[in-house]
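Subject: Structure for you to look at

Dear colleague,

Here is the structure we talked about, with its sequence.

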Amino acid sequence: MTSSATQGIKTVLHPVSDLATAKAVYAALLGVPPHTDSSYYVGFEAEGQHIGLVPAGGPQSMTAPVAYWQVPDIEAKLAGMTAAGATVKEPAHDVGGGRLVATVTDTDGNVLGLIQDR
C-alpha cells in the first residue's frame, strides 16, 4: 500500500432544498443532533461517518450526493486519478481546520470526492 492509497469513504455530502426539514430527517435517521449547524452547512457524526447537508448544492453546485474518499495525500491521488482518465472538477483547496477537499469526474461523469486531513 502506498501513501496515496484510500482510507475509505468517511464523508458523504447531500444537496438539500429545505435545510430545516432535511436536518430533522437526518437527525431522526442517525439518532444524533448535528455537530455543525449553520445556514450554509449542517454536519453530523455517526459511527465514524460524517454526513453533511448542503443547501441548494452549495458553491459546488451538487445535484446528487457525493462520497468523499479519505486519502493521506490528495495531490498524489489527484495526479494518479487524472493520469488514469479522471477530470478535475474542483481542485484541492482548504475548507478550514487543515482539511483539503477536491472532486473529480470519472469517465462516465460520476463525481468522486477526495478529502485529506492535515
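How much space lies in the second largest pocket? About 180 Å³. Please keep in mind that this is a predicted model.

The second largest pocket

The lining of this pocket is made up of Gln60, Ser61, Met62, Thr63, Ala64, Pro65, Val66, Tyr68, Lys89, Glu90, Thr103 and Val111. Strands β5 (66–70) and β6 each contribute at least two residues to that lining. Sorted by class, six of the lining residues are nonpolar, four are polar and two are charged.

The largest pocket

The volume of the largest pocket is about 480 Å³. Its lining consists of 20 residues, and those that lie nearest the centre are Leu13, Tyr41, Gln60, Val95 and Val101. Four strands, β1, β4 (49–55), β6 (87–94) and β7 (99–105), supply at least two lining residues each. The largest share comes from β4, with three residues. By class, the lining of the largest pocket has 10 nonpolar, eight polar and two charged residues.

Threonine 11

Threonine 11 sits in strand β1, which covers residues 9–16. Is this residue buried or exposed? Threonine 11 counts as buried, because its relative accessibility is 5% and the cut-off for buried is under 20%. Neighbours within four places in sequence aside, the contacts of threonine 11 are Gln49, His50, Val66, Ala67, Tyr68 and Ile115.

Glutamine 49

One of those contacts of threonine 11 is Gln49, which belongs to strand β4. Glutamine 49 has a relative accessibility of 23%, so this residue counts as partly exposed. With neighbours within four places in sequence again left out, glutamine 49 is in contact with Ile9, Lys10, Thr11, Val12 and Phe44. Which atom of lysine 10 lies 3.0 Å from a polar atom of the side chain of glutamine 49? That atom is the backbone oxygen of lysine 10.

Best regards

Technical notes. Residues are numbered from 1 along each chain as its sequence is written. This is a predicted model: local features need pLDDT of at least 70, side-chain atom pairs count only at pLDDT 80 or more; totals for chains, interfaces and linings use all residues. Side-chain values use heavy atoms; hydrogens and water are left out. Buried means under 20% relative accessible area, exposed over 50%, partly exposed in between (1.4 Å probe, protein chains only). Contact means heavy atoms within 4.5 Å. On a 1 Å grid over the protein atoms alone, a cavity is a set of points where a 1.4 Å probe fits but cannot get out, and a pocket is an open set with protein on both sides within 12 Å along at least five of seven lines; lining residues have an atom within 4 Å of a point. Grid points are joined across faces, edges and corners, and a volume is the space filled by probe spheres set on the points. Ala, Val, Leu, Ile, Met, Phe, Trp, Tyr, Cys and Pro count as nonpolar, Asp, Glu, Lys and Arg as charged, and the others, Gly among them, as polar. A polar contact is a pair of N or O atoms within 3.5 Å; within protein, one must be able to donate a hydrogen and the other to accept it, and residues adjacent in sequence count only if both atoms are side-chain atoms.
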